[in-house]
Amino acid sequence: MNATAVRITRCVLAITVFAVCDAGSVRAQGDQRSKSTASTRMQTVTSKDGTKIAYEKTGSGAAVILVNGALADRSASRELAGLLSRSFTVYSYDRRGRGGSGDTKTPAPALAREIEDIDALIAAAGGSVHLVG
């Protein structure tokens with residue numbers, strides 16, 4: 001397992017709990033915070049195998065990548081992204097083969113490709129992120 005996979009495996013649970021708790025506090029504060037003016041247009045990164053991965057970036061602050069369920073695209077986390085974007089720079093992406101992201105048929109296991117996709121997003125976010133999902 002590569003270093004990115006180890007980091008992801010070790011921190012996903014803790015960060016998910018953190019993000020859910022923080023989202024609750026953001027929702028409670030609601031109108032007291034100004035709305036984010038950051039862009040939400042679709043952008044892409046290129047994964048290790050050449051696959052284009054589509055994402056939206058919104059908000060400002062520490063980077064958070066939202067990882068949706070297997071059958072969802074980035075629209076599934078739009079409400080959470082809106083809440084978190086008041087305190088964080090949120091990256092909502094389409095997992096490979098969904099929404100605006102491509103898919104390449106490679107012999108490597110799908111999980112390895114998914115980790116490489118997240119690694120490309122981490123690089124686009126500056127190398128240090130909170131991962132939620």
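Modeller: Helices (H or I, at least four residues) and strands (E, at least two) are DSSP runs, numbered from the N terminus. The model is predicted: local features need pLDDT of at least 70, side-chain atom pairs count only at pLDDT 80 or more, and totals for chains, interfaces and linings use all residues. Residues are numbered from 1 along each chain as its sequence is written, and side-chain values use heavy atoms, without hydrogens and water.

Biologist: What is the order of the strands in the open sheet?

Modeller: Two strands pair if DSSP finds at least two bridges between them. On that basis the sheet is open, with five strands and mixed pairing, in the order S1-S2-S4-S3-S5.

Biologist: Which strands stand at the edges of the sheet?

Modeller: An edge strand here has a single partner strand, so one side of it is left without a neighbour in the sheet. The twist from one strand to the next averages 30° (axes are lines fitted to C-alpha atoms; angles run from 0 to 180 degrees between N-to-C directions). The edge strands are S1 (42-46) and S5 (130-132).

Biologist: What is the bridge partner of Leu 66 in S4?

Modeller: Strand S3 covers residues 63-66 and pairs with S5 in the parallel sense over three bridges. In S5, Leu 66 is bridged to Val 132. S3 also pairs in the parallel sense with S4 (residues 89-93), over four bridges. There, Leu 66 has as its bridge partner Ser 92.

Biologist: Which buried residues cover the two faces of S3?

Modeller: Buried means under 20% relative accessible area, exposed over 50%, and partly exposed in between (1.4 Å probe, protein chains only). On one side of S3 the buried residues are Ala 63 and Ile 65, and on the other they are Val 64 and Leu 66.

Biologist: What distance separates the C-alpha atoms of Gly 126 and Ala 63?

Modeller: Gly 126 sits in the loop between helix H3 (110-124) and S5, and its phi is positive, near 105°. Gly 126 is exposed because its relative accessible area is 67%. Along the chain, Gly 126 and Ala 63 are 63 residues apart, yet their C-alpha atoms are separated by 8.3 Å.

Biologist: How far apart are the end C-alpha atoms of H3?

Modeller: The expected span of a helix is 1.5 Å times one less than its number of residues. With 15 residues, H3 should therefore span 21 Å. The model agrees, with its end C-alpha atoms separated by 21 Å.

Biologist: With which side chain does the side chain of Lys 52 make a polar contact?

Modeller: Lys 52 lies in S2 (residues 52-59) and counts as partly exposed because its relative accessibility is 44%. Leaving aside neighbours within four places in sequence, its contacts (heavy atoms within 4.5 Å) include Ser 101 and Gly 102. A polar contact is a pair of N or O atoms within 3.5 Å; within protein, one must be able to donate a hydrogen and the other to accept it, and residues adjacent in sequence count only if both atoms are side-chain atoms. At 2.9 Å, the side-chain partner of Lys 52 is Thr 46.

Biologist: What share of the residues of the protein count as buried?

Modeller: The protein exposes about 7200 Å² (Shrake-Rupley method, 1.4 Å probe), of which carbon and sulfur atoms supply 56%. Of its 133 residues, the buried share is 40%.
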